[in-house]
Number of protein chains: 2
Amino acid sequence: MAEQDYDRGPESERDEDDYPLNKQAVARIIEAVDTGDRDLLLSEMEPLHAADIADLLEQINSGDRRALIALYGREFDGDILSELDESIREEVIGLLTPEVLADAVRDLDSDDVVDLVEDLEGGQQATILSALEDSDRIAVQQSLTYPEYSAGRLMQREVVMAPEHWCVGDAIDYMRHVEELPEQFYHMILVDPRLHPVGNVTLGRIMGARRETALKDLVEDTFHTIRVTRDEGDVAYMFNQYHLISAPVVDEDDRLVGVITIDDAMAVLDEEHEEDIMRLAGVGEGGLNDSVIETSKQRVPWLAVNLLTAILASLVIAQFEATITQFVALAVLMPIVASMGGNAATQSLTVAVRALATKDLTGSNVWRVLWREIMVGMINGLIFAATMAIVGIVWFGGPELGYVIAAAMVINLVVAGLAGSAIPVVMDRMGIDPALGSGTFVTTVTDVVGFFAFLGLAAVFLV
Amino acid sequence: MAEQDYDRGPESERDEDDYPLNKQAVARIIEAVDTGDRDLLLSEMEPLHAADIADLLEQINSGDRRALIALYGREFDGDILSELDESIREEVIGLLTPEVLADAVRDLDSDDVVDLVEDLEGGQQATILSALEDSDRIAVQQSLTYPEYSAGRLMQREVVMAPEHWCVGDAIDYMRHVEELPEQFYHMILVDPRLHPVGNVTLGRIMGARRETALKDLVEDTFHTIRVTRDEGDVAYMFNQYHLISAPVVDEDDRLVGVITIDDAMAVLDEEHEEDIMRLAGVGEGGLNDSVIETSKQRVPWLAVNLLTAILASLVIAQFEATITQFVALAVLMPIVASMGGNAATQSLTVAVRALATKDLTGSNVWRVLWREIMVGMINGLIFAATMAIVGIVWFGGPELGYVIAAAMVINLVVAGLAGSAIPVVMDRMGIDPALGSGTFVTTVTDVVGFFAFLGLAAVFLV
């Protein structure tokens, strides 16, 4: 039992020493590895949860990783592989001896094995599958027939079900006498004679009810079945929206084939968050453990898009070369207009992307939201227009430049509000993830509009 | 039983008609409200979960909201208030008649009432508290003595515990005969004679074991207690990291005072993510339902910071007015260098902020991560330097400008990698949320460095 007490109160909430895997512990483990002291290594690793050990392997360099795994030997647990970031999972599996790997994967539940092997290349996948017992291997292979990122990949097959006409006494007697119950389960799923799930009863309710009470009378108010092909992101959304603890998974004939529990849904929700935030920044799939070359490769595509859009903005500026030569103050001030537009657009964009992900921005309120963003752009544009007019007058000593930059600021912030909210909505309607690169498109709009409005107005009114 | 079947498969995953609250349903509900047809309203609202009704109230305008609530009358359920976004919660509570409000809150669990009243102003808070039964009111008031965003506010007080020496038979007999069990519980918490929690046993394990088996022999491998003052973000992290389903909460003497379940932790995880993504964009606390004025107010602060930093960048440009007058191509090209730097910095920043939040970036690997970001900046800098050198030569017909922009690009992308990862790390060490405005600081650095490097090199080598 790996008990840990996380209890130093909020005043130390950012103190990483609170966690079993603190800097000192990592240093001691590395020392044990360096000196080849297996007893010290095992005693240092003993309080760590598999998730902490996975974090440890991610944080140390690949030389230490190899040495640690060699020294740790047969202690290596299958759960560590499950917890490991995909970026180093293949490397770690490659470092395990065939015996250690076989032991490790045999301990895992079938849904964890599925999660493990689905991203591996053929050779490693075959090694792991051949290490499993026949029944587990068949279960894993069947799960792999479902689409990637589907409910079928996420579910566990072990379910506890009861005919819908049972009463509490039947349920208790059944559970008390059945050969084997799943390690973790929270509901008994009521099914009709064709194996269609019709309701969930919590174990707590069963325990608290009289033997003759019908299970039907104890079902949860909120009950959702999930089609086996359903996208895992939608599954996570449902669990979060409806506070589900577990939900039955059904095949195309609505027959019960498995169950998804909230802990798996929570992990998916966390991954979806990561995906959103990374895509908004144009970072791709990257993790901390990717090599320099891999990381560079992941980031180049969006930088390349950004270069093209930046050149587009430059082409706008190039149209006004003559004006700039005459009033070099324009070159000094023009990045301010563009930068404010980019910032305001990012604000609108982030609110819209998040609201689309949580289904708070829908067909019912999209026009109201767009209108609000335009109005906010107008108000904030006026506020900063006034500020910049004063800056322009003070800095360059003439009212005309102040008027021009003020007008450009209002125009650009209104456009920022409109583009920042409309572009993700349109992408979503087209079936494209609105987080994906919309930042680049939106700031292109504000750069182009910002430069064009400012330099164009200057060309008309100053020259 | 509100059964909903979310099962049209991934091919329609972005189809919002999949959800009970689709555009057509909203339109029919608004029509029922407009025509005052209460029966139609009730039949349309019947399949909706409280979370869906809350979403509905958020999506419609305030006039429709008022009319809907008036027509809906006593059907209004307390859970709707719990699910409602804070931005309109006060408004909705104000629209309920005292009787409806009292009925609504009396149905809620005490932890949900805490969540509801903690953000209300005094008058509304007092109204709700006075509607509760005495025992509930005392429980709520005691929870409110814990710090905001602490485990104490999140936990429920109803726990199912057992002395550590009990066996399975004792546990089953106890649960079968106790007056009342909590609606939702997943574990029996084993406690020692001083009420210190020592282990968790799942109900499933109890059901599957022989009567004479000691509960001690069935405890979960992973067991964590949570101090009542612990920050809720840390609680969510623990649940996600260690796959907890429920965890006992203890006071400063380590005595059991409540329990937190995974569904509450999942909601917190979702809120923390929202906070991160909003702070990264400098949006503050804003939601879709805030008014134009409120939204404007939330966004002005970071725009103001951005204006100051943009002016800083302009001051750099102003130092090179003479050079720009001579080579106006510099004004055309300089935004490209700044934009590429800002984009690369945002990539590094996002990876660092996310890794800090998930505790993947720690004292043990910070130097390796910084070094990797610098190297990635170098490589990507060289790639885009080569591209821009060619663009510069082709566009402006001379190699010198190409060399200058290439060198500035490399410098700025290296600085972007360094600043993008170092600034959030330093903010985190200082106890400041690294998501908070770090984007503005980082892009200020890349703007200033980008303009200075490009114009400075031009001044030296072109003039």
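A:Val426, A:Met430, A:Ile432 and A:Leu436 together form a nonpolar surface patch with about 330 Å² of accessible area. Patches take residues with over 30% relative accessible area and no salt bridge, joining nonpolar side chains (Val, Leu, Ile, Met, Phe, Trp, Tyr) within 5 Å and like charges within 9 Å. This is a predicted model, in which local features need pLDDT of at least 70 and side-chain atom pairs count only at pLDDT 80 or more, while totals for chains, interfaces and linings use all residues. Residues are numbered from 1 along each chain as its sequence is written, chains are lettered from A in the order in which they are written, and side-chain values use heavy atoms, without hydrogens and water.

**Surface patches**
- A:Ile432 lies in the loop between helix H20 (399-429) and helix H21 (438-461) of chain A.
- With a relative accessible area of 32%, A:Ile432 is partly exposed, a class between buried (under 20%) and exposed (over 50%), using a 1.4 Å probe and protein chains only.
- A negative patch consists of A:Asp79, A:Asp107, A:Asp109, A:Glu158, A:Glu179, A:Glu180 and B:Asp221.
- A:Glu158 sits in the loop between helix H11 (151-154) and strand S2 (161-163) of chain A, and is partly exposed at 38% relative accessibility.

**Chain A overall**
- Chain A has 21 helices and seven strands, taken as DSSP runs (helices H or I, at least four residues; strands E, at least two).
- Its radius of gyration is 29 Å, well over the 23 Å from the globule rule for 463 residues, so chain A is more spread out than a compact globule; the rule is 2.2 Å times the number of residues to the power 0.38, and the radius is taken over C-alpha atoms.
- The C-alpha trace of chain A spans about 90 × 65 × 45 Å along its principal axes.
- Of the 463 residues in chain A, 59% are buried.

Technical notes:
Areas by Shrake-Rupley, 256 points an atom, 1.4 Å probe, with all protein chains shown as cover. Salt bridge = Lys/Arg side-chain N within 4 Å of Asp/Glu carboxyl O. Lys, Arg positive; Asp, Glu negative; His and termini not counted. Charge placed at Lys NZ, Arg CZ, Asp CG, Glu CD.
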